[in-house]
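Student: Could we take a close look at just one part of this protein? I'd like to go slowly.

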Amino acid sequence: MSEEYVYDEATGEWVPAGEVSAATPASDGMEVRDSVGNLLADGDAVTLIKDLKVKGTSQTLKRGTAIKSIRLTGDPQEIDCRFDGIKGLVLRAEFVKKR
């Protein structure tokens with residue numbers, strides 16, 4: 001029986017596959033929090049707490065607008081989402097509140 005090994009980029013060593021899966025944390029340590037401190041996750045629904053002008057369009061997203069199914073980006077202060085008629089909408093976490 002041969003044991004499988006996986007290259008661990010963090011340490012630069014080959015380690016048994018069982019040790020890597022047990023040692024790997026569930027998240028990468030990045031926390032994204034909304035305006036009141038609630039922890040945000042992929043798929044959460046949020047509400048805007050301020051009127052926001054959308055760059056590149058003449059639209060304004062009004063306070064209280066519900067945004068569904070957010071996606072976290074690599075930046076702890078930015079969230080990616082969709083809204084009617086606006087593609088590639090990125091919001092700052094400081095302007096939203098978790099529903």
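Student: Leaving aside its neighbours within four places in sequence, which residues is Tyr5 in contact with?

Tutor: Quick background before we zoom in. This is a predicted model, where local features need pLDDT of at least 70, side-chain atom pairs count only at pLDDT 80 or more, and totals for chains, interfaces and linings use all residues. Residues are numbered from 1 along each chain as its sequence is written, and side-chain values use heavy atoms, with hydrogens and water left out.

Now, your residue. Once you set aside the neighbours within four places in sequence, Tyr5 is in contact with Trp14, Val15, Pro16 and Ala17; contact here means heavy atoms within 4.5 Å. Take Ala17 from that list: it sits 12 residues from Tyr5 along the chain, yet their C-alpha atoms are separated by 5.2 Å. Tyr5 itself belongs to strand 1, which covers residues 5-8 (strands are DSSP runs of E, at least two residues, and helices are runs of H or I, at least four residues, numbered from the N terminus).

Buried residues make up 22% of the 99 residues.

Definitions and conventions:
Buried means under 20% relative accessible area, exposed over 50%, partly exposed in between (1.4 Å probe, protein chains only).
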